[in-house]
Amino acid sequence: FRFFSFCRFVRSKQWYQRRVRAIWGLETGQAIGRIDGNSVTGMVRTQLIAHDKEVFDIAFSRAGGGRDIFASVGADGSVRMFDLRHLEHSTIIYEDSQQQPLLRLAWNKQDPNYLATMATDGLEVIILDVRVPCTPVATLKNHTACVNGIAWAPHSSCHICSAADDQQALIWDIQQMPRPIDDPILAYKAEGEINQVQWATGQPDWIAICYNQSMEILRV
C-alpha cells in the first residue's frame, strides 16, 4: 500500500461504495483519491477547500445509489454537502449557533434525507433534514456526558443509537418528528465510558459498543 503524501493531518477517511475510491478529511478540506488495481496504488483526483477549519468526519449518502453525495463536518461547526458531479461548490446543511466543532456525522441508512451529527464535548445528538437546511428537525438530549458515537439502524429509517461518556447506549425512535423526542425507547448501562457504537448491517438485532479495554455485543 502506498500512502498519499499530504501536507496536513488526516482526520478521517470514507470509502466510496460503488467504485474503488476514498475520501480523506484534512485540516481544512477533503482530498478525493482513486485506488487502482491489485497493487493498491492511486492518485489524488482533487482537493476541496470548503471548511474554515479542520475537517473531522466524512460520510457518503445512499441517495442516488450511494454514488455521488457525501457530507463533512469540522471544527468550524458546519455540516457541508457535496456532489462528486459538481465539486465546484457545496451546500451548507447546518451551522452550530455557538460555532462549536462538530465531531461526527452519520447518514440515515434507509432515508437519505436525514443525517445525524454531534458537537465535540456535546450532550446532544442533532438530527438534520437536508430538505430543510440549517434547522434541526430533532435534538436528542438524554445523555448526561459528552456523546462519542452515533449509529443508524440498518433496517429502519426511524431508529438511531447514541453512546456517550455517561456509560449509556440509547436507542431512539424518531418517527414522531418534528414533535419533540424526550426519551429513548431502550437504554443500556456499560461499565465504562462508551467510546464507539456500531449497528450490525447484516444482523440488525446486534449492536457493538467499546469501552475501556472491552467490546460488548448487545442484542436489541
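1. Between which two strands does the loop that holds C134 lie? C134 sits in the loop between strand 11 (125-129) and strand 12 (138-140), where strands (E, at least two residues) and helices (H or I, at least four) are DSSP runs numbered from the N terminus. Its phi is near 75°, a positive value in a residue other than glycine, and C134 is partly exposed, with a relative accessible area of 43% to be read for R67 below and 44% for C134 itself. Here buried means under 20% relative accessible area, exposed over 50%, and partly exposed in between (1.4 Å probe, protein chains only).

2. The model is predicted, so that local features need pLDDT of at least 70 and side-chain atom pairs count only at pLDDT 80 or more, whereas totals for chains, interfaces and linings use all residues. Residues are numbered from 1 along each chain as its sequence is written, and side-chain values use heavy atoms, with hydrogens and water left out.

3. On the overall make-up, the chain has zero helices and 19 strands, and 50% of its 220 residues count as buried. Among contacts (heavy atoms within 4.5 Å) between residues at least 6 apart in sequence, 40% join residues at least 24 apart. The chain exposes about 11300 Å², of which carbon and sulfur atoms supply 46%; accessible areas come from the Shrake-Rupley method with a 1.4 Å probe, and for residues only the protein chains shown count as cover.

4. Turning to the aromatic residues, rings of Phe, Tyr and Trp (its six-membered ring) pair if their centres lie within 6.5 Å, and planes under 30 degrees apart count as stacked, over 60 as edge-to-face and the rest as tilted. By this rule there are two aromatic pairs. The rings of F70 and F82 are stacked, because their centres are 5.0 Å apart and their planes stand at 10°. F70 belongs to strand 6 and F82 to strand 7 (residues 78-83), so the pair ties together parts that are twelve residues apart in sequence. Both F70 and F82 are buried, and together with F60 they form one aromatic cluster.

5. A search of the whole structure finds four salt bridges, a salt bridge being a side-chain nitrogen of Lys or Arg within 4 Å of a carboxyl oxygen of Asp or Glu. One of them joins D68 and R85, with the closest N and O atoms 3.5 Å apart. This pair links distant parts of the chain, since D68 is in the loop between strand 5 and strand 6 and R85 in the loop between strand 7 and strand 8 (91-95), 17 residues apart. D68 counts as buried at 12% relative accessibility, whereas R85 is exposed, with a relative accessible area of 53%.

6. R85 also meets D83 in a salt bridge (2.8 Å, N to O), and D83 counts as buried at 15% relative accessibility. Salt bridges that share partners join D68, D83 and R85 into one network. R67 is placed in the loop between strand 5 (55-60) and strand 6 (69-74), and its C-alpha is 9.8 Å from that of R85, although the two residues are 18 apart in sequence.

7. A further salt bridge is formed by the side chains of R131 and D129 (2.9 Å, N to O), and D129 counts as buried at 5% relative accessibility.

8. Two backbone details remain. A cis peptide bond, with omega about 10°, joins M177 and P178, and P178 is found in the loop between strand 15 (168-173) and strand 16 (186-189). Q99 has a phi near 55°, a positive value in a residue other than glycine; Q99 is in the loop between strand 8 and strand 9 (102-107) and is exposed, with a relative accessible area of 60%.
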